[in-house]
Amino acid sequence: MATGNINVTAENIFPIIKKFLYSDHEIFLRELISNATDATLKLKHLSTLGEVKGDIGNPIIEVIVDKEKKEIRIIDQGVGMTGEEVEKYINQVAFSGAEEFVEKYKDTETGIIGHFGLGFYSSFMVAGKVEIFTKSFAKDSKAVRWECDGSPQYTLEETDRTKRGTEIVLHIDDDSTEFLEDAKITELLNKYNKFMPIPIKFGTRTETLPLADDAPKDAKAEEITVDNIVNNPNPAWTKSPTDLKDGDYKAFYRELYPMQFEEPLFNIHLNVDYPFNLTGILYFPVLKNNIDPQKDRIQLYQNQVFVTDNVEGIVPDFLQMLRGVIDSPDIPLNVSRSYLQADGAVKKIASYITRKVADKLISLFKNDRKAFEEKWDDIKIIIEYGMLSEEKFFEKSDKFALYPTVDKQYFTFSELEEKIKPIQTDKDDKLVILYASDEKAQHSYIDAAKEKGYEVLLLDSPIVSHFIQKLEGSKENIQFVRVDSDHIDNLIKKDEDKISKLSDKEKETLKPIIEKVIPKETYTVQLEAMDSKANPFIITQPEFMRRMKEMQATGGGGMMGMGNFPEMYNLVINTNNDLVGEILNTKTKKKQDRLIQQAFDLAKLSQGLLQGEELTNFIKRSFQMVK
């Protein structure tokens, strides 16, 4: 028997591990199973190279919980360790067995997870004492037992174990007994080890064998006890896309997100091995205008070991609304494997994912435009966000980004430009693109624009103000204008001027009369000569002011403090409408004020601005006027 001190750079590594190195105590199981997986993958690889003699069988990993003894056992049938290897890999914490193995066999195909020198010591977060029983695959090697109670002192001695592999026994602390519950272990295995490449057994389960076709009617089905394998060692992302059908991708989506009942719209299979290694499957879910990326997020794996569902820095912001899996051994992790370290490889990975998504969207658009248009409402928020935040994605977006009209027509930007240029170019040769954000609320304005023969886009995503600002800054000589930002004749200014029925003197008389009735702090009165059929009073909100407020409300981009500004509107008075002439020529002030208030309330009603007491008074007044 040998005793000694563990070779660590700190005076005592265990308090550091418990308090600082690992934020979640539960990851001890992930680390130990990852080590067991490494050991098994090593064995398989050495067997293919002929360095392991005989048949290695089908090795599995087993987790056993003994609640009475307060023990958890993690057992593998991998390469095992000699006493010398235990000295090196367990007692000299600075080394990593997986790291050295990969270095030695780096020119051959391995699937070693890697960098678990400290991973083993996470077991002391939950255990007061840890034992290792291990026997190497090497011929004539002797089995050894290692024990440590959480201090730098350890015991190492020979033991009578005969089976190849390693068994780790955790003697669970009193403050960690939650991990002795089967339900808790099942939860952790499902969270971290669901797709590990080696089968993991946790207990047994009962299966009912199907009856033979010719079995008697009163025959009873036989029940057998089988190993309860908790993981899928061959998930879809590890397979070639040519081996998968659409149904396989959908089945894997349900495996990832069992509480998601809507099918994904489509998927993107990632597979690259140069200049970095990355595999995965990303799904476009049905989102509509929901931009909350917190639910059912993309899962990050490293060689099939779950790391995190916080993929910030690896996946561009706009794609974090997607779902699926990304697996890469080239993503650098700290020793707790819980937080990512930004570096050049990560940036290349983010760029690659962006390009793959753009290429997939181009392909879908080209291959079946009609189907792409039908999906547009569900994917537009991701695409618009991407156009805003990623310049390379924006550059490619002209090939697939769509601009829908209120009449359910879909144009690319070049198609839209060609369609509206003849009629929607103003006197300064600027192309004016009209849009609505709410078909019902802005119906009268949309209707007025359509009567002029104008196309009106429907842009109703939460980030529309940022989006059109980006387009105006990137495209030449265009301007987006919401249909309710001014009366129709001012939206696209032409050279022709309308003649007012009212003289300048009459206008000077009328304006203060209206201003006395209208609240000045919210409304600015403007007198305009419009079509006589147009409404007498029209409420508009200046494009710039409204857009800046919207941008401020959805995360910057506007002027500081704009979000706190009071709502400001223009009240446009149509001097060619007969009612306006009647208001001017009414002799009694009471009737004049009532006509102004009624016309003003009707204008507010058309904009959804008439509420509460004002709406009640309007209804009463309207009934009195029709008596």
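A cavity here is a set of points on a 1 Å grid over the protein atoms alone where a 1.4 Å probe fits but cannot get out, with lining residues having an atom within 4 Å of a point. The model is predicted, so local features need pLDDT of at least 70 and side-chain atom pairs count only at pLDDT 80 or more, while totals for chains, interfaces and linings use all residues. Residues are numbered from 1 along each chain as its sequence is written, and side-chain values use heavy atoms, with hydrogens and water left out.

The largest cavity holds about 40 Å³ of space, a volume being the space filled by probe spheres set on the grid points. W376, K380 and E384 are among its lining residues. Sorted by class, the lining looks like this:

| Class | Lining residues |
|---|---|
| nonpolar | five residues |
| polar | one residue |
| charged | three residues |

Helix α8 (residues 369-389) gives the largest share of that lining, three residues. Helices are DSSP runs of H or I with at least four residues, and strands are runs of E with at least two. Now, what is centred on D377 in α8? It's a kink of about 70 degrees, the bend being the angle between axes fitted to the seven residues ending there and the seven starting there.

Elsewhere, G280 sits in strand β11 (residues 278-284).

Note on methods: 1 Å grid on protein atoms, 1.4 Å probe; cavity = no way out; pocket = protein on both sides within 12 Å on 5 of 7 lines; lining within 4 Å. Nonpolar A, V, L, I, M, F, W, Y, C, P; charged D, E, K, R; others polar.
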